[in-house]
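Subject: Structure handover

Hello,

Here is the structure you were expecting.

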Amino acid sequence: SRKTTLLICRRQQLNGRELKLLELTNEVEEYIGQIEDSRIRRMITYRFLDDLTWVQVAYRMGGKHTADSCRVAIDRFLEKN
């Protein structure tokens, strides 16, 4: 039936998008793995892979880190690279 055909088509589209997302995630993880500064590497992982807010990133980083200091550190790192 038409409904079944449309569902199959939709499932194929979603599978294709999932595959593309996995490929991009792998590329991002490789890029992050090449960052020499472990502090920056951890912040980027928390923010962009673990999808934490800047406040949550700062909490996980501990010490004197604030949401703004983490955000600024990443902004500066990305501007240089």
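A disulfide is taken here as a pair of cysteine sulfur atoms within 2.5 Å. By that criterion, a search of the whole structure finds zero disulfides.

This is a predicted model: local features need pLDDT of at least 70, side-chain atom pairs count only at pLDDT 80 or more, and totals for chains, interfaces and linings use all residues. Residues are numbered from 1 along each chain as its sequence is written, and side-chain values use heavy atoms, with hydrogens and water left out.

On cysteines, cysteine 70 is buried at 0% relative accessibility, while cysteine 9 is partly exposed at 37%. Buried means under 20% relative accessible area, exposed over 50%, and partly exposed in between (1.4 Å probe, protein chains only).

The structure holds two salt bridges, each defined as a side-chain nitrogen of Lys or Arg within 4 Å of a carboxyl oxygen of Asp or Glu. Arginine 71 pairs with aspartate 68 (3.7 Å, N to O) and with aspartate 75, where the closest N and O atoms are 3.4 Å apart. Aspartate 68 is exposed at 51%; arginine 71 is partly exposed at 31%, and aspartate 75 is partly exposed at 34%.

Glu23, Glu27, Glu29 and Glu30 form a negative surface patch (residues with over 30% relative accessible area and no salt bridge, like charges joined within 9 Å). Of these, glutamate 30 is exposed at 54% relative accessibility.

Regards

Technical notes
Patches are made of residues with over 30% relative accessible area and no salt bridge: like charges are joined within 9 Å, nonpolar side chains (Val, Leu, Ile, Met, Phe, Trp, Tyr) within 5 Å. Accessible areas come from the Shrake-Rupley method with a 1.4 Å probe; for residues, only the protein chains shown count as cover. Lys and Arg count as positive and Asp and Glu as negative; His and the chain ends are not counted. The place of a charge is taken as NZ of Lys, CZ of Arg, CG of Asp or CD of Glu.
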